[in-house]
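Take a look at the chain below. Trace it from one end to the other before reading on.

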Amino acid sequence: MKLLPLIALAVACAPALALASDRIDDSWHTSAELGAISTSGNTAGTSVSGKIDARQELDDWSNQYIVAGHFKEDEVNDSEGKRSSERSAERYSLSAKAAYKLVKDNEKLFVLAAHVGDKFGAYSSYTTMAVGRSTRWYSSPAASVDVEIGPGYFSGERATGEPESGFTVRGAAAMRWQVSQSAQFSQVVSVERGTSNVHSIAEAALSTKINGTMQMKAAFSARNDTNVPADKKNTDTQTSLTLVYSF
């Protein structure tokens, strides 16, 4: 089961890698974002979050690869008054999506693979694969809404160590709104419904341009599982402020 994340990602990447080897004029758009908070005094700790989002546009394929992580350490006092660092958050995620463009504009068939490792979450690991169709549900000069749906399969391990797997139905939507020449609002939502759990992720973000390549991004994200261990909460949220460099 430990090989499943690598196998899943390899399957999703395969079409893009095959075509990339035959092309030298591939079009890439990549953004890297980083945010960090450090506190000292009565409350001491460090929080770091980062993300790399790489998109590739070919004649017949549209591909996306995302790597993200969030880590937090707090300084705490033990019973003897000695201060030490304690990890309170540790999560990373990897995903790859290859989408084949159909004849109609913004109509695609896709295959997606994703893996999440979360030391303090309801699931310590969560791997999913999905296939389906995506379409542009709404489009205007300033805004767009893309939706996708399809079947999938997931394999995970609960925080209690219990393995879990099964088939799912996955739906997702991505909205982008160009508020002004220098500001953009985005909202992404995905839901995976299985036989024993509904896993959902949502993120809302507002990005403003600093210059041609730098942006400031404020975001709020939430992850929810309907079936969690007794000592875990259903929803994890994160509010972040990051610098984004695009190239």
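The paragraphs below go from the overall layout to single residues.

This is a predicted model, in which local features need pLDDT of at least 70, side-chain atom pairs count only at pLDDT 80 or more, and totals for chains, interfaces and linings use all residues. Residues are numbered from 1 along each chain as its sequence is written, and side-chain values use heavy atoms, with hydrogens and water left out.

Start with the layout. The protein chain has one helix and twelve strands. Here helices (H or I, at least four residues) and strands (E, at least two) are DSSP runs, numbered from the N terminus. Along the sequence the pattern reads α-β-β-β-β-β-β-β-β-β-β-β-β.

How far can each part be trusted? The predictor gives each residue a confidence called pLDDT, from 0 to 100. For the protein chain the mean pLDDT is 87, and 87% of residues reach 70 or more. Confidence is lowest in helix α1 (residues 4–20), with a mean of 48. Confidence is highest in β9, at 97. Over residues 1–12 the pLDDT stays under 50, and the model gives this stretch 17 contacts beyond four places in sequence. Residues 20–24 also have pLDDT below 50, with four contacts beyond near neighbours in sequence. A contact means heavy atoms within 4.5 Å.

Next, the chain as a whole. It has 247 residues, and buried residues make up 36% of them. Buried means under 20% relative accessible area, exposed means over 50%, and partly exposed lies in between (1.4 Å probe, protein chains only). The accessible surface comes to about 14400 Å², and 58% of it belongs to carbon and sulfur atoms. Accessible areas come from the Shrake-Rupley method with a 1.4 Å probe; for residues, only the protein chains shown count as cover. Now consider contacts with a separation of 6 or more: residues 24 or more positions apart account for 46% of them.

Now zoom in on charged pairs. How many salt bridges does the structure hold? There are eleven. A salt bridge is a side-chain nitrogen of Lys or Arg within 4 Å of a carboxyl oxygen of Asp or Glu. One of them joins the side chains of K217 and E33, at 3.1 Å from N to O. K217 lies in strand β11 (residues 214–225) and E33 in strand β1 (residues 27–39), so this pair ties together parts 184 residues apart in sequence. K217 counts as buried because its relative accessibility is 9%. E33 has 15%, so E33 counts as buried too. E33, E203 and K217 are linked in a network of salt bridges.

Another salt bridge joins the side chains of R170 and E148, at 2.6 Å from N to O. This pair links distant parts of the chain: R170 is in strand β8 (residues 163–178) and E148 in strand β7 (residues 143–158), 22 residues apart. Are R170 and E148 buried or exposed? Both are buried.

E73 and R87 also meet through their side chains in a salt bridge, 3.0 Å from N to O. E73 sits in strand β3 and R87 in strand β4 (residues 83–101), 14 residues apart. E73 has 32% relative accessibility, so E73 counts as partly exposed. R87 is partly exposed as well, because its relative accessible area is 31%.

Strand β3 (residues 61–77) also holds Q64. At 16% relative accessibility, Q64 counts as buried. Which residues does Q64 touch? Leaving out residues up to four places away in sequence, Q64 touches D53, A54, R55, S95, A96 and K97. Q64 and A98 are 34 residues apart in sequence, with C-alpha atoms 6.7 Å apart in space.

Move on to strand β9 (residues 183–193), where S186 is found. S186 is buried because its relative accessible area is 18%. Beyond neighbours within four places in sequence, S186 is in contact with M175, R176, E203, A204 and A205.
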